[in-house]
Every structure is written in structure tokens, then in C-alpha cells.
Amino acid sequence: MKKLTILLASMLTAVAGFAQTEHTTPNRILVTNTAGDYKGFVIDYLDDISFARVDGEVLAKVEINEVTLDSLKLTVTRTPDCQYYKLAVIPKVTADQLTNDVTAIRYINSLPSSFVPTLWEDFDNGLLTGVELNPESDYALYTIGVDRYGVEAGVFKADFTTPTPVITGNPHVGMETVASTLNSFTVSFTPNEDVQTYWILAGEKGTMEQQYEMFGPMFNFANFSQMIQMWGIQCVGNYEYEWTDMAPNTEYEVFVAMTDVNGYFAPYEVYETSTVALGGHGDAYVDIDINAYELSDWYGEMLPTQSILFYPNDEASCYRYGVYPASTYDESSEALKEELCSDPFMPMSYWFFYEPMESEFQIDPSTECVVIAAAKNIDGVWGEVNVVRFTTPDECEGYVPAETPARKGIAPRMSSQKKATNFSKGVMPNLNMPVNKVELK
């Protein structure tokens with residue numbers, strides 16, 4: 001072990017870029033790992049800095065011999081340099097997000113200590129109790145090996161799946177679309193006698209796996225049925241439900257999680273439906289009308305407000321728009337157009353619009369702006385981007401800049417209809433994009 005004096009540590013830090021003056025001489029030492037976490041020390045409080053070496057692996061290797069819903073039989077073998085280890089069991093959807101050892105150590109250390117026992121012995125077919133697992137679910141068992149210096153140095157992971165429960169009968173829910181409009185669809189549900197309870201959940205076709213991977217770690221889901229149960233509408237017996245505020249011209253999947261007469265989840269079922277198509281096969285386009293410029297209430301402040309009207313043509317199935325300071329648009333016009341004519345990475349509220357509407361923006365007087373809009377047709381083909389350049393008037397009646405300091409940039413009015421992330425029962429969550437949405441009649 002090689003020891004360095006605190007003076008040497010200070011000099012090394014200084015060489016890294018600090019000037020040795022009274023005000024810039026470092027008085028802290030920060031040790032940062034690859035995840036960006038750091039631990040700091042006051043230099044005056046340190047006695048020495050030491051470096052050490054451990055040549056062997058520091059692991060607690062695990063073989064999973066038997067799995068039940070409340071226990072695991074394990075064989076754990078420590079390497080010679082592993083003094084003790086921590087152990088944790090987490091859902092696999094969460095484990096898949098822990099892409100390296102440092103991230104795994106940080107996450108496991110964030111769990112309550114009662115979920116992460118510290119063990120000092122090897123086990124041959126030892127029984128781990130106190131776990132509560134879901135049937136037919138994927139999990140990962142982690143160990144964190146600790147060396148003789150108390151350093152968490154090695155991560156071992158073992159995936160496993162819990163047993164499938166014995167399902168009584170053949171639970172099944174029949175589904176049929178009984179009505180569909182541009183913005184809604186209605187589905188009837190008919191469970192057979194082997195279904196005790198079921199939950200219904202709708203989302204855009206092809207997004208279920210993405211939603212599960214995104215929200216699974218947040219809600220600690222162990223399987224798809226748990227997610228459907230949490231977000232879905234609970235039903236017993238025959239039921240009919242109308243989903244509203246859906247996107248036109250969109251295919252949806254309705255997921256049904258169900259339990260048998262003993263309360264065990266049977267395999268979930270999926271039914272496809274859609275809203276009525278909007279638009280045509282021709283060139284989609286959006287007309288833009290720069291409307292009134294006047295004072296408006298912005299959350300308690302009277303500020304200059306520019307109203308802009310958007311009119312998609314009959315070929316448009318959906319459209320998008322954006323408003324920018326002219327300088328911002330001129331610097332990145334092609335990139336902004338490319339972003340405009342794009343689909344979201346997952347369903348998002350207010351990413352697309354469908355009908356003529358008015359939107360409001362807080363823009364100061366004498367500001368040069370550019371508004372762009374584009375639509376795609378029923379075949380998913382984007383039309384020409386409409387670009388309109390305008391400058392707000394030099395004055396806005398009633399606005400006194402001396403009393404109300406001018407703001408920089410362009411602020412869209414935030415929608416009061418929904419907040420943050422949409423977790424309405426029966427609908428897969430959409431990430432909301434706050435905008436002003438006033439439909440034109």
C-alpha cells in the first residue's frame with residue numbers, strides 16, 4: 001500500500017487546472033465514479049490518502065436451484081477476495097435498466113435496508129425466505145461483493161422466472177367493437193364463467209412493450225398483467241365501455257388482464273380496434289392566419305398575446321406547428337422542419353392536432369417571428385411545410401413595458417385540460433405537451 005501526503009494530493013489537484021493562490025488553492029478532494037456520483041472530503045480533515053490493489057475477482061456467485069413465490073433455494077460461492085456481500089431480488093424489467101455495475105450498485109443501495117440483506121457466508125442449497133414474488137414473472141437476483149477494504153467491487157446477476165400457477169378452467173373475455181367515431185370507440189366485453197375479475201386498458205397499437213419498459217421500473221411491475229391491472233378499469237360480468245378523446249385515424253389495442261376463480265392471473269388477451277379515418281390520399285397542407293394581437297391574462301399578468309389560427313385541408317389526417325423567434329428559425333430552419341414532420345418516440349398528448357384551432361403565444365412587441373405548420377395525409381405522407389414570417393406590432397394597447405418588464409422568446413399558453421403525465425384509468429399513459437388548444441367552430 002502506498003501512502004501519499006495531503007500536500008501531494010493538493011499539488012496533484014492543482015496540476016489538474018487550479019492556480020495556487022489564496023483564493024483558488026483547492027481545499028476539497030472529490031472522488032467521482034463513472035456514474036457521476038462523488039464523495040468529497042475536506043483536505044484539512046484528512047490524515048493520508050492510500051492506494052491499494054486487489055488482484056482477484058470480488059464476487060458472490062449464485063446458482064438458483066429452486067423457485068417458489070415466497071422463497072428461493074440458492075448456492076452462493078464467494079471468491080477468495082470477497083469478504084461479504086449484499087443480496088437483492090428485483091423485477092427483470094427494472095434490472096434491464098441497470099446497464100453496468102456502478103448503476104446496479106447505486107440502485108440496490110437506494111433500496112430499503114430490509115430488502116438488501118448483508119451476508120458473510122457461502123451457502124449450499126440455502127433457503128432464502130422473506131421474498132414476495134408474483135407468479136409467472138421474470139426477476140433478477142443480484143449480489144454485490146465487498147472486498148477486505150469495504151469496497152463494493154463486484155456485481156453478479158442471475159435471472160429467474162417464477163412458476164406458472166395452475167389456472168382453473170379456461171378464462172376468456174370476448175370483445176367486440178360496437179361503435180367508432182373520429183375520436184372514440186366503444187367495445188363490449190363478455191367474460192366466460194371461468195373469469196372472476198378482469199381489467200381493460202387501451203393504447204395505441206404496438207406501444208405496450210415500450211410502455212412496460214418505460215414505466216415498469218417506476219411502478220415495480222413484475223409482469224404485463226400487473227400493469228394492465230394498475231392502469232385498467234376493473235370489471236365483473238358483461239360490460240361496455242366507450243373510450244373518448246382518442247386520436248382519429250389510429251389503430252388501438254385493448255388489453256384485458258383476468259383472474260380465474262381462485263384469483264390467479266390467466267394469460268392476458270389483446271383486441272384490435274380503431275377510430276374512424278380522417279383525411280385523404282392527396283397533398284396535406286395547413287393554412288396559417290396571423291390573428292389578433294392584444295393583452296391577455298397570463299396567470300395573473302396582463303401581457304401581449306399573439307393569436308394564430310391553423311386550418312388543415314381535407315387531405316390532412318393530422319398536423320403539427322411551431323412558432324420561433326426569427327433568429328432561432330433562421331439558424332436551424334431545416335432541423336426545425338425535420339423535427340416538425342416527425343412522429344413521437346411514444347404516444348404523447350398534443351403531439352398531433354386534427355381540427356382547425358386557435359393557439360395563443362406571449363410575444364413582446366416588435367418581435368420578428370416565424371410560424372411553421374405541416375400535415376400528413378391518411379397514408380402517412382407529410383405535405384409541404386407552410387412557413388409564415390411576421391413581426392408583432394410596435395405597440396400593444398394597454399401594455400406598459402416600464403411597469404411590466406419585457407420577456408425574451410415566445411411562450412405558448414399551457415393547456416389547463418391536463419397536467420404532467422396522463423394516467424386516466426383505462427388508457428395507457430401519454431406524455432403531455434402543454435399547449436393552448438382552442439377548437440374553431
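A word on the source before anything else. What you see is a predicted model.

Start with the whole chain. There are 441 residues, and 42% of them count as buried. The secondary structure comes to 7 helices and 29 strands.

Next, helix 4. Which of its residues are buried? They are Met 208, Gln 211, Tyr 212, Phe 215 and Gly 216. These residues cover an arc of only 130° around the axis, so they sit on the same side of helix 4. Some background on that spacing. An α-helix has 3.6 residues a turn, so residues three or four places apart point the same way. What lies over that buried side? The cover includes helix 2, helix 5 and strand 17, which is residues 251–259. Just after helix 4 comes Asn 220, with a positive phi of about 60°.

Gln 97 is in the loop between helix 2, residues 92–95, and helix 3, residues 101–110. Its relative accessible area is 41%, so Gln 97 is partly exposed. What does Gln 97 touch, leaving aside neighbours within four places in sequence? Glu 213 and Pro 217. Take Pro 217. Gln 97 and Pro 217 are 120 residues apart along the chain. Their C-alpha atoms are separated by 8.0 Å.

Now the aromatics. A pair of aromatic rings is described by the distance of the centres and the angle of the planes. How many aromatic pairs does a search of the whole structure find? It finds 24. One of them is Phe 215 with Trp 231, an edge-to-face pair. The centres are 5.3 Å apart and the planes are at 85°. Phe 215 lies in helix 4, residues 208–219, and Trp 231 in helix 5, residues 224–231, so this pair ties together parts that are 16 residues apart in sequence.

Compare Trp 298 and Tyr 299. This pair is also edge-to-face, at 6.2 Å centre to centre and 85° between the planes. But what about burial? Trp 298 has 6% relative accessibility, so Trp 298 counts as buried. Tyr 299 is exposed, because its relative accessible area is 58%.

Ring pairs link Phe 185, Phe 189, Tyr 198, Tyr 239, Tyr 241, Trp 243 and Tyr 252. And a charge over a ring: Arg 320 lies over the face of Trp 351. The distance to the ring centre is 3.8 Å.

Last, the cysteines. How many disulfides are there, with the sulfur atoms required to be within 2.5 Å? The count comes to 0. Two cysteines to look at on screen are Cys 235 and Cys 341. Cys 235 counts as buried, because its relative accessibility is 2%. Cys 341 is at 23%, so Cys 341 counts as partly exposed.

To recap helix 4. Phe 215 is among its buried residues, and Phe 215 pairs with Trp 231. Pro 217 is in contact with Gln 97. That's the tour.

Conventions. Residues numbered from 1 in each chain as written. Predicted model: local features only at pLDDT ≥ 70, side-chain atom pairs only at ≥ 80, totals over all residues. Heavy atoms only, no water. Phe/Tyr/Trp six-rings, centres within 6.5 Å; stacked < 30°, edge-to-face > 60°. Helix = DSSP H or I, 4+ residues; strand = E, 2+ residues; numbered from the N terminus. Buried < 20%, exposed > 50% of the residue type's maximum accessible area, 1.4 Å probe, protein only. Lys NZ or Arg CZ within 6 Å of the ring centre and 35° of its normal. Disulfide = S-S within 2.5 Å. Contact = heavy atoms within 4.5 Å. Arc of directions from axis to C-beta.
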